[in-house]
Structure formats: C-alpha cells, structure tokens
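I opened this entry to look up charged and aromatic side-chain contacts. The notes follow the order in which I went through them.

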Amino acid sequence: MCGIVGYIGKKDSLPVLLEGLRRLEYRGYDSAGVALLENGVIRVVKTQGKIKNLDALLAKEKKTCSNIGIAHTRWATHGAPTKLNAHPHSDCRNNFSVVHNGIIENFSSLKNELIKEGHKFISETDTEVAAHLVEKYYKGNLKEAFLKAVNKLEGSFAIVLMSSKYPDRLLFARLGSPLIAGVGKGENFLASDVPAILSHTNKVIYVKDCQAGEIRKDKISLFNLKGKTQPLKVEKILWDLESAQKSGYPHFMLKEIHEQPSVLKHLAAAGIKFDKKLTGALKNARQVSIVACGTAYHAGMVGKYVIEEMARVPVSVDVSSEFRYRSPIIDSRSVLIAISQSGETADTLAAVREAKNKGAKIVSICNVVGSSLTRESDFVFYTHAGPEIGVASTKAYTAQLMVLYLFGLNLARIKKSLPVATISKYNKILRNIHTHARLILKNCSRRICDVAGRHHNFGSFLFLGRNLNYPSALEGALKLKEISYIPAEGYAAGEMKHGPIALIDEYRAVVCIAPESKIYEKMISNIQEIEARKGKIVIIATQGNNDIKKYSKEVIFIPKIAELFSPILAALPLQLFAYYIAAKRGCDIDQPRNLAKSVTVE
Ligand code: G6P
C-alpha cells in the first residue's frame, strides 16, 4: 500500500506534493510526510494520521520554497503508525531521503549488517535500510549507489530517492509495486497512481517491474536494474480529474454507487470479444479457475454459478492468498481468471504468477489500465468503471459481475451449451439491466435510508442468501462490516440450521436476500425460522411480491428479473444499506479504519 509522490520543476514543490498525497490518501492514511531539498539541505516534516495533520503541521512551520521534493502517505506494515516510522526516511547524515511502498522482505538481515557497520537507525521500518544502503554504496555516483542498494533489496516495492548532493534529480525503482512518471513541461513527477498528478499532466510513463530511472526537470530516463538505458513509452490518460472527484456527493462511495447504471450500460453495450487464441485456450481447458480477494472474490463466486450454468464448464473459485499454497491442479490446459479492481493486489498477483509458472493461460478482469495484473495476463477484460476511490468496492463489483456474465455468454456460444435464442435473450437482459439499477437508486434510496435508520444500533448482523445470492449475502456482510464496523456474517441460508440459528434472538438483525427464484420457498422457510426466534428481519424481494410483507415490515423491493441475473440488482440495496448505516453511525465511509484500497502486501 502507501502512496508516493515526487516532484522536480519550476514550481514550489510543497503544494504539488500535498495535493498529490491527498489524491493518494485512499492507499493508506495512518501517517504522512514530505522531504524538501532547500539550499542543499533536506528538510523532513512528518506526522501521524491523515494528510490534514501534515497540512496543519506545515502551516505552523516557516514558509520556504523548494523545487524538488518527495512525499508519502503510509499504511503501516513494519512498525506502528507513529511519526518516527512515517516516511521519508534518511541515512545517518541526512544526505539521502527515501519514500517507499511495499515490503522489503530481507530488511532485518540488511539492517543487522548495517548496524554492525556503524549505521544508526531511528525507526522500526523496513524502508530505512534503503537510505542507509545508498549511503553505504555512495562513492560519488548516485545512480550507481542507488542501483547497488536496490539490487540488495528483496520483496515487492516501489522506491523514490532524493539526495542533498543532487538538487537536479530524483531516482526511482519499481519491483512489484506500482509507480508512474508524469511528463510535464519543465517539470516532471513521480507517483503511485495517476490522480496524484492529473491536475498537472495527462502524459504518463508506466514504470515496469524491475525498471529504475531518473527524473530531472526537463528529462526522464529509464534503465534496467543494471543501469542499461531503456526506451520510454509515454501514454495519454483519457479520463479527467473530475471523474476522480465527488461531484457533489457527500462521499466517493455514494457517488460510485450512483455511477453503476452508467457503467453497466456501457459495458453491456460494448460486450466482450474472445480472440482466436483465447477461444483456443478455452476450448482446450478442462476447467476454469478463478482467483481474487475481498469483493472481487465475491464477484468470482457469482461468476462460478454463472459460467457453470451458461457454459457447463467446471469452475473453481479461490481466495488468492489460499490458492497458491494449496497445491492447485493447474497445467498448460488450464485457464485462470484473476479478478481485481486495482490490478495491484499482491495476493492475486502471486496466485497469477504461480498459475503462470505451471503453464496456465491468464485472463484478467481488471479496472486499472496498465496495472501489474494486466501486464502479466495473456488476455485482459477491462471493467471500465472509472477510478474507484471509496475503499469499499461498489461499482467495480457490479462491473466485474457484468464482465463475468458476458464471459459466460461468450463461452456458451463457443461450447454451444445454450441455444442461440437464449444467448440473445440473455444479452438483451444484460443490455437492459442498467435501467433496473437506475430505478433501484431512484426509488429505493429513501426507503433503504429509513430502514438503515431503524437498524444502525444493532450489535451484529447476519446476511442470508441462496444459490447465486449466497455470494450476494457474503458481499452484503462485507460491505457493512468494512464501513460501519458492525460484526456481520454472510451465510448460505441453507446452512443457517447448522450453526448461526443459535445466534438468533430479538437483538440480531438478519438481512434475507429473497428475490423470485426456483428456491424462493426454501428462503421463505428460513425467514420463518428467524421470525419464530424473534430475529429482526430485513428482506430484499422482487417488486410485486406483496405476500412477503407478512414476514417483516422491512422489505426492500428490487425490479423483477430472471434469477440468474439477480446478483447484479441485489448488490445495490446491500451497498446502500451498508452506506446509510455507516453514515448514521458517523463512520469515515471512504477511508474506513485499518483498510486500504489497494493491498500491495501479501
Ligand atoms: C482491499 C479492498 C477491497 C477489495 C480488495 C481486493 O481489501 O479494501 O475493497 O475488494 O482489496 O482488491 P482488488 O483491487 O484486487 O479488487
């Protein structure tokens, strides 16, 4: 995790760095700091907490001007989120200052060696070793010392270095964690992600893995870790900063929930296409494996139901962090679908590399163009949901679902597992689903807000669903616990009798996802079992099913749709329910405690 910004140019660097940090705060926000080079001396200012604490601290300091600086917002891995552990970190003489994202796995042995050689450490972080290593290797050539240091580091990280001896350059390297260089006129930038620099330039260079480089105010160079020059590829960002702003909504999460109809509309209209190679790989595949984390994993679970139902191909779904350690049966006939909003989730990348080593073809479903996952995949389907800033994933989830449905339909066409008429009927449903999503947001938001108002003080929640909406229940529970901190559990409704039923009494709120389906009656039996034990029931049901009101006053209706597609619609009220409960509890919705948007550590 963590966010890095670097600037060199003609402007006063501090406002540029702070603006960049604010736009990267979604990556981590437990401490923050800047290092500015002023008249040959590096001045470091850092503090615990969010960027606003750093702003306040800097406001109290003497105003100076520096045209070069580095900055960092942290999500702690090694060492508590204290001021001392905040980045930037320096060597013994404050000649070299570094910011870093990711983990240096061998820092402990390096640190012991450096301490024996007389280096003095002041933090508990892994990062500090990088500054001391550069100090150790510096013999008058910064690039050489930096590369020697980087080559000593093991793990997955991105790092930026500033030196008091070189006011004209910043050095950087990427081994696993994302890093971009922004191309300006008479100024250049470094950042972990595009929004940090988008108000200054829309031209970026995606630094590749095992690539290092240097920015000066009028030049950017890239080289490999041995120092050999590499070509630059400048890409243009097509979205603007406006799409990374709140547009009048109180939170990014609410804005992103409301963007779903438009995302679904465009995805379904564009459809997806399999090229010859992917068609061949899929024809050859005995099964499809899916790996993902968090919300993307729940999308993968729905994907299993959908692809198996449509294409009659066996699908396995794993949490990425489990997949690689369970000796999965993968070979050159396997197809692995990796789902990730960010494309930088370390566990998912590790699972992909494991499968790739065993010969599998990698298909990724990803939201971030140019991310690590997309570069390591054989085939990429973008979710085109636009930047998702709220830590709790919403629009990326329904976009992932849409791509999985389109994938299932394409596969069904290849496998001839569905009649052509059914495929076109399903395509039509997908192309129309955005209108239902829009209706839910328009007609149900108020109602959901009221229901949330009557439930925000419950101490715990159970979410129940069956079949395709079992993953919906897991996702509903995840959304609620992520942003409201209320313990919430998702369960397959049929499993309730094997344990969770013991928890039901008048203090337990139970959200039942019960749209029209072939197992609707079974869901009703579960609802009756909860009612008999005085559980407080909230039901998500199909519009027009007035009968269901006899089980609870708290019913949220979603439009009628074929069961197979109901998870897309069920997601919206569950997201809004979690949102309004968290809002009523006064929680920090876009930046919930202990979480980060992009988890680049295993
Ligand atoms: C973090 C986020 C979740 C997200 C998960 C996977 O835990 O807080 O919202 O679902 O990572 O992220 P990815 O970018 O791989 O979808």
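**Salt bridges.** I counted 27 salt bridges, taking one to be a side-chain nitrogen of Lys or Arg within 4 Å of a carboxyl oxygen of Asp or Glu. The model is predicted, so I note the conditions: local features need pLDDT of at least 70, side-chain atom pairs count only at pLDDT 80 or more, and totals for chains, interfaces and linings use all residues. Residues are numbered from 1 along each chain as its sequence is written, and side-chain values use heavy atoms, with hydrogens and water left out.

I looked up Arg23 and found a salt bridge to Glu19, with 3.0 Å between the closest N and O atoms. Both residues belong to helix H1 (residues 13-23) and are 4 residues apart, about one turn of the helix. Helices here are DSSP runs of H or I with at least four residues, strands are runs of E with at least two, and both are numbered from the N terminus.

For accessibility I used relative accessible area: buried is under 20%, exposed over 50%, partly exposed in between (1.4 Å probe, protein chains only). Arg23 is partly exposed at 22%, whereas Glu19 is buried at 18%.

Next I took Arg326, whose side chain meets that of Asp318 in a salt bridge of 2.7 Å, N to O. Arg326 is partly exposed at 40%, and Asp318 is buried at 9%.

In helix H15 (residues 469-484) I found Glu482 and Lys479, 3 residues apart, about one turn of the helix. Their salt bridge has its closest N and O atoms 3.4 Å apart. Glu482 is buried at 14%, and Lys479 is buried at 1%. I also noted a network: Asp168, Arg169, Glu214 and Arg216 are joined by salt bridges that share partners.

**Aromatic pairs.** Which rings pair up with Phe458 in an edge-to-face arrangement? I used rings of Phe, Tyr and Trp (its six-membered ring) with centres within 6.5 Å; planes under 30 degrees apart are stacked, over 60 edge-to-face, the rest tilted. The count is 12 aromatic pairs. One of them is Phe458 with Phe461, edge-to-face, at 6.2 Å centre to centre and 65 degrees between the planes. Phe458 is buried at 15%, and Phe461 is buried at 0%. Phe458 and Phe461 belong to one aromatic cluster with Phe463 and Phe577.

**Charges over rings.** I required NZ of Lys or CZ of Arg within 6 Å of the ring centre and within 35 degrees of the ring normal. The charged end of Lys143 sits over the ring of Phe223, 4.0 Å from its centre. Arg593 lies over the face of Tyr485, 3.9 Å from the ring centre.
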